[in-house]
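Look at the sequence and the model below. This short report then walks through some of its helices.

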Amino acid sequence: MESLQQLEALCERLYNSQDSAERAHAESTLRCFSMNTEYIPQCQYILDNALTPYALMLASSSLLKQVTEHSLSLQLRLDIRNYLINYLATRGPDLQHFVIQSLIQLLCRLTKFGWFDDDKFRDVVKESMSFLSQSTPHHYAIGLKILNQLVSEMNQPNSGLPSTHHRRAACSFRDQSLFQILQISLTSLQQLRSDVTSKLQELALSLALKCLSYDFVGTTIDESSEEFGTVQVPSAWKPILEDPSTLQIFFDYYAITQPPISKEALECLVRLASVRRSLFTNDSARSKYLAHLMTGTKEILQSGQGLAQHDNYHEFCRLLGRFRVNYQLSELVNVEGYSDWIHLWASSSVYYLLGLWSRLVTSVPYLKADSPSLLDEFVPKITEGFITSRFDSVQAVLSDGLSENPLDNVELLQDQLDCFPYLCRFQYENSSLYIIKIVEPILQSYTEMAHLPAADHNDLSIIEAKLAWAVHIIAAILRIKQCTGCSTESQEVIDAELSARVLQLIKVTDGGLHSQDLSVNVPFRDPIFISQRYGELSKQRLDRAILTFFQNFRKSYVGDQAMHTSKLHLIFVWPQQLYGRLSELLGISDHLVLLNFIVSKIATNLKCYTESEEVIEHTLSLFLELASGYMTGKLLLKLDTVNFIISNHTREHFPFLEEHRCSRSRTTFYYTIGWLIFMEDSHVKFKSSMEPLLKVFIALESTPDAMFRTDSVKYSLIGLMRDLRGIAMATNSRRTYGLLFDWLYPAHMPLLSRGISHWADTPELYHVETLFMIAIAQVTTPLLKFMAEFVLNKVQRLTFDSSSANGILLFREVSKLIVAYGSRILSLPNPAEIYSFKYKGIWICLTILTRALGGNYVNFGVFELYGDRALADALDMALKMTLSIPLADILAFRKLTKAYFAFLEVLFNSHIGFVLTLDTNIFMRIVGSLESGLKGLDTNISAQCASAIDNLAAFYFNNITMGEAPSTPAAISLARHISECPTLFPEILKTLFEIILFEDCSNQWSLSRPMLSLILISEQIFADLKTRILASQPAEQHPRLAQCFDKLMADVSRCLDSKNRDKFTQNLTVFRVEFRVNEWISIEYGWSCEIVHVKFVIPYR
């Protein structure tokens, strides 16, 4: 680069250009500043002489990357640190905001990375105070920004720093500096209170929030969850938190500011409301603290100030919600002014606070205080108000077509209704009467409309939406049985009253279809608009609500969990009070009649919904729940409707099977049918039930090749594979699997190979038509997934007789399938959507082969003995497919990653000879990928890689280290590989030690296995690694750490038997603890910290 002006022009293009090619050129040209440490002086030169902020930004960001990714010398880092402090002091006030922020981030990154290297790095707080003590607002702002960024930097992990080092620095910073920074923020807030237009207020408030949000004990918590719990502040903070002025300053700032500052003040109060109980000196101090919080929130409620802003309102509700988590009802009622406080927020309560109300009502049985809780007065109002608000929202949502309907958002709906049932059951009788009172008129109107020749669709949509809310509310109530002041018998009666309204509604919604004979295609006999409403969203929402009701009702009153023990006899009885009342109201006298009612609704949905994938999936989910229960499954087989479904599962009776968008639901449908078929030990019933699928097989097998690529054949084949996968999933025993296997093999297996051959072929079309690529994936994916399920030996279902060759024959079919698919997919060029059209099929093939190799139902030695290439061809093709994928892509796609490493584990465990005889470059690539897997975050994958490496190292130890001379082809090949790459084993052992010593290792047992094997291969490897590790530690620690290494191999002999491995694992646990003894700072709560009184000079304005 000829001049600074050219660099500034490049930086301008890098950050501002709209041309992507121009930006890419500038980025590649300037990359050297962040990649090469020799450019650090040039970065300083740019900071000293550049005139544009973009050049300054380049220098700062480049230095940040250098510091993060490279090991710079201590003196160089200290020089950069001192330079930055002086630079910010002299030129900081004149710099752009983003440049200042980048420079401050660089300073804080240096501070964190060098925290234990030199005490000068820890003086950053003192340096910041020098900025605060100056009289200019710009310097004051820079000081607060430094402290803000410092707390953030110390609190969050960095990619360039091991997690244990991060936690060690975070704990040290917490003990030495965090309390002082909190005091600085509080002092600044006190002194800046009157400066209402100051930007400094926001910085000071943000600093206080960061201090209170610090991860004090090393457990990152999701604040949106219930587990937010308590804030574990150190004991040294007690005096400042018990000081009333600390809470008051945040209430004051809320009162005098606007969002976002007022929101941050509330966020600070949320943290303060969550401090741990044990922090306070005694119960009296805690009670005063609680009273202050209640008084402050009461004043906000009385004035209503700021609550019109959504951010403030949401955060204020979170503040009130903290009372639910951190305080007991008995504590709240004893606070003076409790009645006024609860009256205020009860009158404006929304579903944000349902969690708080539910916590209060569930605490009532344990309330021993004399003071009244007043919940009897307010909870019914909250209950009625919530129900009314849900009904009122219907018209608003329908009027505003842009808003998302809350009935469509499952997570939001569940969130709203999770806590509401506790409020209803608090005064269950009154709540139920109100629900019935509000629902019956709506149900009556809906019933009347069903008898009209025509009706307004908009009116129907509104009524159906209200009924959907009512059904969801009743379903939520039935989900729990906790009831205050109500006996089990009376509770069942009330449940029956509410359930009867829903069951009555079902008769109206389907208008008689529930009783229609499914064996005959009878036209709808009811008003035509009822049948036409299955395509309306409001009708679909109502039916999904009904399905939710059935799911919750089943869990409470149908099946094994619904039965309870008789008081007089040790027998199980059904809830008689509920069925007695249902019999009086609707004639439903027992569980079998009710099951028939539920199954009729299931059949109606499957028959009438052809395009709503959501309703079909929900319906099949309920059907599967019923079928998979032992008792309910037996009961279902007594119903004529169920037996008809088992025998007539065709598209003529269930049109959704013909709808392509619902094709994924076919697997669930046939999984359920399979459950029901296999409940009875009947070969005849199995064959008769499979007749519809047999007809499809025969039709496809008789299709000539010229017609095999038509759409009708394609969709038939896709559907058949999904159906068979569902049936295969239902085989959970040797008997049931044998029925399916004998039905498929050998008669119908050729169709699978034919499907692969025809739909993964013709590469000349591949570059012409994208639709053809989609067709390949559409057909081959269901086919391969069926085979992956078919070869899975779950619960030992693939156990053939000793005289049977079925296991070998099955693997030969697997081999044909993998070779056919692999040879065709590898001949095609890589498409843009490479995962969908290539990688997905490959990982399924790897899963098939992994399950077949590890299923323990094939004697693989037979293939080599008789010259059968099935095993060799399958392994060769699997290897070619894996080598066609870059390692970066393997690690990028989660399912592909899991399939790849599971395959390697089985390969190294059972077929290591195949791996060892590979070319050295291929062998090194495979083993290198295992090392990458070790470093991943997934512990299952890490354990699989460790197992594979252990098998490799153990083979080397047993056949080469302890053997005389390599004699087998596999041993000779392994010796050649290691001689060509002697650093292979040392590097893997180094990686394992780094994980054990410097990372949060949750699978230490798995990693210990290959470590012993690698150590025993060569004592010199272990000695060299020990020297390298000691050299990386402070010199004063060397004697202690050397002693740790000596203990590691104490009483460990030179063998790999189980007893010796277990001894090494025990030693490794002790070694890790003793080696890391200075890595962790105590996280107990008794930290001592001297309180520092700070005073600053407020800058003149």
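In α20, Thr383, Glu384, Ile387, Thr388 and Phe391 meet Ser431, Tyr434, Ile435, Ile438 and Ile442 of α23. Contact here means heavy atoms within 4.5 Å. The residues of this contact divide into six nonpolar, three polar and one charged.

This is a predicted model, where local features need pLDDT of at least 70, side-chain atom pairs count only at pLDDT 80 or more, and totals for chains, interfaces and linings use all residues. Residues are numbered from 1 along each chain as its sequence is written, and side-chain values use heavy atoms, with hydrogens and water left out.

Two packed helices are described by the angle between their axes and the distance between the axes. The axes of α20 and α23 come within 10 Å and cross at roughly 20°. That makes α20 roughly parallel to α23 (angles under 35 degrees count as roughly parallel).

Here are the helices of this report, each a DSSP run (H or I, at least four residues) numbered from the N terminus:

| Helix | Residues |
|---|---|
| α9 | residues 137-155 |
| α16 | residues 310-326 |
| α20 | residues 375-399 |
| α23 | residues 428-450 |

Helix α16 reaches 25 Å from its first C-alpha to its last, close to the 24 Å expected at 1.5 Å a residue. Twelve of its 17 residues are buried, so α16 is largely enclosed by the rest of the structure. Buried means under 20% relative accessible area, exposed over 50%, and partly exposed in between (1.4 Å probe, protein chains only). Among the buried residues of α16 are Phe316, Leu319 and Arg322.

Note on methods:
Axes fitted to C-alpha atoms, helices over the stretch in contact; angles between N-to-C directions. Helix = DSSP H or I, 4+ residues; strand = E, 2+ residues; numbered from the N terminus. Parallel < 35°, antiparallel > 145°, perpendicular 65-115°, else oblique. Nonpolar A, V, L, I, M, F, W, Y, C, P; charged D, E, K, R; others polar. Expected span 1.5 Å × (residues − 1).
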